[in-house]
Amino acid sequence: MKTIEKVESLIFECETGNYHTFCPISCVVWLYQKIEDSFFLVIGTKTCGYFLQNALGVMIFAEPRYAMAELQENDISAQSNDYEELRKLSIDIKKDRNPSVIIWIGTCTTEIIKMDLEGIAPKIEIEFGIPIVVARANGLDYAFTQGEDTVLAAMTQRCPEKESLNSNSDFDSNFQSEQPSLVLFGSVPSTVSSQLNLELKQQSIQVSGWLPAQKYTELPYLKKGFYVCGVNPFLSRTATALMRRRKCKLIGAPFPIGPDGTRAWIEKICLTFNKKPQGLEEKENKVWKDLKNHLHLLQGKSIFFMGDNLLEISLARFLIRCGLIVYEIGIPYIDKRYQTAELSLLRHTCKKMCVPIPRIVEKPDNYNQIQRIRELKPDLVITGMAHANPLKARGINTKWSVEFIFIQIHGFLNVKNLLDLVTRCLRLNPSLEVLG
């Protein structure tokens, strides 16, 4: 089954293929580091445990704040008492770690056997007086990065309705009376959030909080009419929850990925708060100038996105601006309402660079994509880990899409990290040819 939709010269295709993506329970890897007083309990089978063990293997010297509730045969056949089993685990977690919040991550198995996590959690929460947030992160319904989306969407209901005196020590009370409150959402390292806060502060705009905060006890105060803005394109459910449940106003902006996206993101926020942007054009031009060596390497090269992390449209837009030819943007899922501004910037960028607008394929069929890759012969394919090595064996340069999640790519200061990742194999190949 294949449908084609054309919207203002953007062509969207849907091949209704399966999600060939990294498992969404991997969101635990970066979220447990971001929310420092949290504990994640993943409820699934041994397979889920093996996956997380491998995903977190690089952090062997850290003390991870996560655990597996492994479902046995009697659990799956509904012969055991789910409430009692999860209650025992919660007692152990509170005793050993005493976190500020326990986040239950539901997997494919909990969906299949219809485990009532949302019904069990409030009872245990009342009994032990520790917040329990339930998030669904199963690979049946969600792509790789949407695991974070489900966690943040669940946490929106836990954001306080009354402002705490200690809610944000960085928030300047002088700004509070001058502008409406602005909350940013998306899990990024504290260095990145500080950079984005500073960029907005230079435009006389103060950020009143982040979702998630570094500590669960510091979740941002949310009130009807507050402005919210996302930093990642895969957070559409979180955006919807903030608008519908908390009655916040969403600032629909492109995402701060690349100097062009960062400038557009700041400009849209400035426009919302009736501020005239200061010095953004000069700052963007300086970044492009500093990237001259990288851009020279990319001129005339082609790239193909198979689809995995839902950053594909933002990355494609940035790389087109860098001079690359993008043949296809494969993406597991796209919320056109949430990404309206990003799609508009993509269209504008293609027009500016005088290149055709690439096809956008939602839920791509990987068999069909492989055929197109063989015909188009791109210089680089951004793909999930499952297809990287087979393509590499056929002489095609590949880059794991998961790597874009684990490095800092947001804002003006991290653009070089992003381009280093894209150009690494292109820089490596000539060196290997010299070595024979």
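The legends below describe close-up views of a predicted model. Local features need pLDDT of at least 70 and side-chain atom pairs count only at pLDDT 80 or more, while totals for chains, interfaces and linings use all residues. Residues are numbered from 1 along each chain as its sequence is written, and side-chain values use heavy atoms, with hydrogens and water left out.

**View 1. The annotated cysteines C23, C48 and C108.** An unreviewed UniProt entry places the feature "binding site" at C23, C48 and C108. These residues span 86 residues in sequence, yet no two of their C-alpha atoms are more than 10.0 Å apart, so they gather at one spot. UniProt positions follow the numbering used here, feature names are shortened, and annotations may be inferred rather than shown by experiment.

View 2. C48 lies in helix α2 (residues 46-55), and C108 in helix α5 (residues 108-112). Buried means under 20% relative accessible area, exposed over 50%, and partly exposed in between (1.4 Å probe, protein chains only). C48 counts as buried at 14% relative accessibility, whereas C108 is partly exposed at 27%.

**View 3. Cysteine sulfurs around C23.** A disulfide is a pair of cysteine sulfur atoms within 2.5 Å, and the model has zero disulfides by this rule. For C23, the closest cysteine sulfur is that of C108, at 6.1 Å, which is too far for a bond. C23 is partly exposed, with a relative accessible area of 24%.

**View 4. The aromatic pair F22 and F144.** Rings of Phe, Tyr and Trp (its six-membered ring) pair if their centres lie within 6.5 Å; planes under 30 degrees apart count as stacked, over 60 as edge-to-face and the rest as tilted. The structure holds eight aromatic pairs. One of them, F22 with F144, is edge-to-face, at 5.2 Å centre to centre and 90° between the planes. F22 lies in the loop between β2 (10-14) and α1 (27-34) and F144 in the loop between β6 (132-136) and α7 (146-155), so the pair ties together parts that are 122 residues apart in sequence. Both rings belong to buried residues, and F22, W30, F51, F144 and F406 form one aromatic cluster.

How values were computed:
Helices (H or I, at least four residues) and strands (E, at least two) are DSSP runs, numbered from the N terminus.
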